[in-house]
Amino acid sequence: MSNHKSWLITLAGSTPTGTDRADRAALQAGLDLALAAGAFGQRVTLVLAGKGLELLTRTPDRDDPLHRLLGSAPFYDIDAVYVLNGANTLTAFRDDLHVMAMSATEWLAVSGEADVVINY
């Protein structure tokens, strides 16, 4: 039996309190988990939606720790970052990551096949 699992981690930053600080903490926790899973050889599909999309803008605050942390995803074998229902040909995303669109139908298919599904 293999301990390699397929993980689907969705970062939307939607917390019950709805405060910016709580949303950022949720994004931080989810991103930390995604990178840790990748570091231990797990297959991670990382999807951003809602407030998480702010981490993918072309002109973010480059000193933002979450922006820098997300930029390290390829070093943890997370080769692509997906945007849930938000990417179109006019959307300008950061150029240091491979960003791809994912529909709700595709997300459901991936969630059905994943061993671990976590939403932040």
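## A first look

Guide: In this protein of 120 residues, buried residues make up 40%; buried means under 20% relative accessible area, exposed over 50%, and partly exposed in between, with a 1.4 Å probe and protein chains only. This is a predicted model, where local features need pLDDT of at least 70 and side-chain atom pairs count only at pLDDT 80 or more, while totals for chains, interfaces and linings use all residues. Residues are numbered from 1 along each chain as its sequence is written, and side-chain values use heavy atoms, with hydrogens and water left out.

Visitor: Okay. How many helices and strands are there in the protein?
Guide: Three helices and five strands. Both are DSSP runs numbered from the N terminus: helices are H or I with at least four residues, strands are E with at least two. Starting at the N terminus, the elements run β-α-β-α-β-β-α-β.

Visitor: And what order do the strands of the open sheet have?
Guide: The order is β4-β3-β2-β1-β5, with parallel pairing. Two strands pair if DSSP finds at least two bridges between them.

Visitor: Which strands stand at the edges?
Guide: β4 (99-102) and β5 (116-119) do, and each has a single partner strand, so one side of each is left without a neighbour in the sheet. On average, neighbouring strands of this sheet are turned by 25 degrees against each other, direction ignored. For angles here, axes are lines fitted to C-alpha atoms, for helices over the stretch in contact, and the angles run from 0 to 180 degrees between N-to-C directions.

Visitor: How many bridges do β1 and β2 pair over?
Guide: Six, in the parallel sense, between β1 (residues 6-11) and β2 (residues 43-48). Ser 6 stands opposite Arg 43 in β2, and Thr 10 faces Val 47 of β2.

Visitor: Is β2 enclosed or open, and why?
Guide: Largely enclosed by the rest of the structure, because five of its six residues are buried.

Visitor: What about β3 and its partners?
Guide: β3 pairs with β2 in the parallel sense over three bridges, and with β4, also parallel, over four bridges. Val 81 in β3 stands opposite Leu 46, and the bridge partner of Val 81 in β4 is Val 99.

Visitor: Let's pick one residue. What does Leu 84 touch?
Guide: Leu 84 is in strand β3. Leaving out residues up to four places away in sequence, Leu 84 touches Val 47, Leu 48, Ala 49, Met 102, Ser 103, Ala 104 and Trp 107. Contact means heavy atoms within 4.5 Å.

Visitor: What share of contacts join residues at least 24 apart?
Guide: 66%, among contacts between residues at least 6 apart in sequence.

Visitor: Is Ser 111 buried or exposed?
Guide: Ser 111, found in helix α3, has 18% relative accessibility, so it counts as buried. Ser 111 touches Leu 8 and Val 117, not counting residues up to four places away in sequence.

Visitor: Where does Asp 77 lie?
Guide: In the loop between α2 (65-71) and β3. Asp 77 counts as exposed because its relative accessibility is 57%. Asp 77 also has a positive phi of about 60 degrees, although it is not a glycine. Most residues other than glycine have a negative phi.

Visitor: Last topic, cavities. Which residues line the largest cavity?
Guide: Asp 20, Asp 23, Arg 24, Leu 27, Lys 51, Glu 54 and Leu 55 line the largest cavity. A cavity is a set of points, on a 1 Å grid over the protein atoms alone, where a 1.4 Å probe fits but cannot get out, and lining residues have an atom within 4 Å of a point.

Conventions: 1 Å grid on protein atoms, 1.4 Å probe; cavity = no way out; pocket = protein on both sides within 12 Å on 5 of 7 lines; lining within 4 Å.
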